[in-house]
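Reader: I would like to learn how to read disulfides, helix faces and strand pairing from a model. Where do we begin?

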Amino acid sequence: MACRNTGILRFFLVGILLFLSWYTFQLYAELFGRLSVKSSPQVVQNTADSAGKATVAKIKIDDPDALVDKNVIKSAEEEWDNNQGLMQPNVIKINKNPCAMSTTCTQDQFSFKIITGAANVIGPSVCFNGTIIMKNPLNNVDRGMNIAVVNGITGESVKQIVFDLYGKDSTELKAFLKELKPEHIILVTTYDDAAFKLDDEAKNNLEALGSSKAKDLGFRDNWIFVGGQSIKHPSEFEQINKNEKEKNKYGDWPEAIIMEGCLPKLR
């Protein structure tokens, strides 16, 4: 009788173990299925109220990996590599000098080379007088308006600063521009967006430094500007690529801009 009861107990325990194994398998299968679901990409849409003021659209983020299309990343990385070899591909391949230029500046000029960001993937870079002063590896670039300040007389690098004009208003930027000295030259480049909260007063301050295109700067436009109080107005060193969906190179972002030139030294 005891043997019979033991057999029944063993059979019962085996049944429980089989049930628990099946249940565990079902749980893992459901969990794996949820992790495998790809959410829809981030959608950003600008709207305007009845007064014509821009409002921040709601952004739904379910899966951070879906925020940027892999093709966009690949295209941006390829353009960045190509930018480094623009004008002088043979030289760049040998020494990897991001500040190499197609022209040679005279002794009474400062050389500069500026590249905007590529979409929201690769940050911008700023070279001045043969030295790179703003770039991703230096950890001094970010989303927004990236500005390098240099001394137009000595060529000394004074300051590098970034203004996030998507997350913050123009207050800090306006205060910064008003504190610039006559000998200061600013080298400005954009990354991702530098205009969402750029107000008219800030645009007027930039125009006072020689910009003729700041007034037209819009959401996610790419823009490069070199100016200052003592620079010839309007500045000849300025370019803008507008964010136009049908012409954009990176979907929601226009093609990156590359500008190089020789800036006369201030006296």
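Author: We begin with a definition. A disulfide is a pair of cysteine sulfur atoms within 2.5 Å. In general terms, a disulfide is a covalent bond between the sulfur atoms of two cysteines. Keep in mind that this is a predicted model.

Reader: How many disulfides does a search of the whole structure find?

Author: Two. One joins Cys99 to Cys127, with an S to S distance of 2.1 Å. Cys99 sits in the loop between helix 3 (89-95) and strand 3, while Cys127 lies in strand 4 (residues 125-128).

Reader: Are Cys99 and Cys127 buried or exposed?

Author: The cut-off for buried is under 20% relative accessible area. Cys99 has 9%, so Cys99 is buried. Cys127 has 2%, so Cys127 is buried too.

Reader: Which cysteines form the other disulfide?

Author: Cys105 and Cys262, at 2.0 Å from S to S. This pair also links distant parts of the chain: Cys105 is in the loop between helix 3 and strand 3, Cys262 is in strand 11, and 157 residues separate them. The angle about the S-S bond is -85°, a left-handed link. Both Cys105 and Cys262 are buried. Count the bonded cysteines along the chain and the pattern reads 1-3, 2-4.

Reader: Now a helix. Which residues of helix 5 are buried?

Author: Start with the geometry. An α-helix has 3.6 residues a turn, so residues three or four places apart point the same way. In helix 5 (residues 200-207), Ala202, Lys203, Asn205 and Leu206 are buried. They lie on the same side of helix 5 because they cover an arc of only 155° around the axis.

Reader: What do the buried residues of helix 5 pack against?

Author: Strand 6 (144-151), helix 4 (171-178) and strand 9 (222-227).

Reader: Which residue caps the N-terminal end of helix 5?

Author: Asp199. One of its side-chain oxygens lies 3.3 Å from the backbone nitrogen of Glu201.

Conventions
Residues are numbered from 1 along each chain as its sequence is written. This is a predicted model: local features need pLDDT of at least 70, side-chain atom pairs count only at pLDDT 80 or more; totals for chains, interfaces and linings use all residues. Side-chain values use heavy atoms; hydrogens and water are left out. Buried means under 20% relative accessible area, exposed over 50%, partly exposed in between (1.4 Å probe, protein chains only). Helices (H or I, at least four residues) and strands (E, at least two) are DSSP runs, numbered from the N terminus. The arc is that of the directions from the helix axis to the C-beta atoms. Contact means heavy atoms within 4.5 Å. A polar contact is a pair of N or O atoms within 3.5 Å; within protein, one must be able to donate a hydrogen and the other to accept it, and residues adjacent in sequence count only if both atoms are side-chain atoms.
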